[in-house]
Amino acid sequence: MISHREKNTQRIAALDAQAERLGLKPGMGIADARAMHPAIEIVEADPAADRRLLEILADWCDRYTPLVAFDGTDGLFLDITGCAHLLGGEKPLLDDLHARFFRQGFDVRAGLASTPGAAWAAAHFLGNRIVAEGGEQGLLAALPLAALRLDPATRSELESVGLRLVGMLMQAPRAPLARRFGKTLLIRLDQALGQLEETISPRLPVAPLSVERQLAEPILLMEGIESLTLLLARSLKADLERRNEGARILQLLLFRVDGMVSRITVSTSRPLREPHLIGRLFHEKLAAMEHGLDAGCGFDLIRLSVLSSVPFEGQQADLASSMEDKSEDLALFADRVRARHGDRAIMRCQPAESHIPERAVSFMPFTEAGGKAEILAARMPARSPRPIRLFAHPEPVEVIAAEIPEGPPARFRWRRALYEVARAEGPERIAPEWWRAGPEEATRDYFHVEDADGRRYWLFRQGLYGARQGNPRWFMQGLFA
């Protein structure tokens, strides 16, 4: 049995068939149940774990339809409109669902009808029933009021006036029912009968384009997955060409035999629809997670979906049919790096309105650049050379000796090592933005210095000698090659 706390009392939340034969019922107090049967085994409910399991089952049900929604804490709604023919019809689909759940150790009840309300009632009160279109009224008439998904308070009020079955509500005048019990009652009734449309909200966005392949024999090897991915990408290309679009976000879904689903997503810097390029991205992604992808007993269904697409802009070639676009190669390289090492593995520099080196450039995801290669230096004002490596934050330097008031250091200590300056060039004065305040916003004097071993550094002195801020401080801004 499973127990839960209700108003400071432990009660039975769920039980198996053996417990039912002992006369126990849901809602009974745990103390009373132990008094009747001291040897019963009781487990505390774990709502968070139940929710995670329901999410896993919802992922697995994507093999039947992308429109999967939650129904409370223990149920799922599947909108299989237009999907049943893929498995030979409604009954074969329902039989396949039951068989797969049974092999995974689940006892499920399913109902299939043309309305969500009728399907819910068939699953909860009849079990494994297919309701023909137009048969909702006959199905619901003999069922209790709970089949309409009414709250307990409304059901109690209806039963107090002798309305115990849904058929009695159908025969009663609607206006008095609405005045006394509210509009929700009639809305639920009309939804179940199909007189009022009821939509379900899928838990995940529906991909505009998808192609899939069901396998007679599950596959385990990464090479087989990559081959099928390339095959699906070729099928996807025709759909993208017909819509004159290119993919920006693609997702590969691997349905495992035991019910687990792996979702592998890649994003592109530019619209993409060439199968071999899509295959390269997923090759990098799969290679990065080779040890993290658990094939278990194998995958028996693979689906490739386009989650986001944009118009595909063609490029005009010259008369010799030659067209060189280096930015496309750069975009593909960046996409492969991000697929293997993550989205933040490669970033794009964006000039900012500041002369302070650590604030003069901001970093943004490469995908936001649209895959275009821009030369940053062309957008920056002319100035003295900058080092190849700039630190994100200047590092403190202890200057042992320096020419006063504006000379370079003669000797300095950085990262516990002492350096002798052989040559120096500067200063280059950089003033901070006038609207900023604080001691760290003092004027900076930058120097190019070279030590006795030929290593070159970019140092700056923050503040001026004789200023009110006190003695200036020295920092290391970057390193030259």
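Which residues of the largest nonpolar core touch the most other members? In this predicted model, they are Ile 225, Leu 236, Leu 250, Leu 252, Leu 254, Phe 282 and Leu 304, out of 31 residues in that core. At least two core residues each are supplied by strands S8 (209–219), S9 (245–256), S10 (261–272) and S11 (299–311), and by helices H11 (222–242), H12 (275–288) and H13 (326–341). Helix H11 provides the largest share, seven residues.

Beyond its neighbours within four places in sequence, Ile 225 is in contact with Ile 219, Leu 252, Leu 254, Leu 286, Leu 293 and Phe 299. Another core, of 23 residues, lies apart from the largest one and includes Val 131, Ala 147, Phe 181 and Leu 185.

Helix H11 also holds Leu 230. When residues up to four places away in sequence are not counted, Leu 230 touches Pro 275 and His 276. The C-alpha atoms of Leu 230 and Leu 277 are 9.2 Å apart, and the two residues are separated by 47 residues in sequence.

Asp 300 is situated in strand S11 and is buried, with a relative accessible area of 8%. Its side chain makes polar contacts with two arginine side chains, as tabulated here.

| Side chain | Partner side chain | Polar contact distance |
|---|---|---|
| Asp 300 | Arg 63 | 3.2 Å |
| Asp 300 | Arg 100 | 3.0 Å |

Leaving aside neighbours within four places in sequence, the residues in contact with Asp 300 also include Arg 213, Gln 214, Leu 215, Phe 255, Arg 256 and Val 257.

Note on methods: Residues numbered from 1 in each chain as written. Predicted model: local features only at pLDDT ≥ 70, side-chain atom pairs only at ≥ 80, totals over all residues. Heavy atoms only, no water. Core = buried A, V, L, I, M, F, W, Y, C linked by side-chain atoms within 4.5 Å. Buried < 20%, exposed > 50% of the residue type's maximum accessible area, 1.4 Å probe, protein only. Helix = DSSP H or I, 4+ residues; strand = E, 2+ residues; numbered from the N terminus. Contact = heavy atoms within 4.5 Å. Polar contact = N/O pair within 3.5 Å; in protein donor to acceptor, adjacent residues only side chain to side chain.
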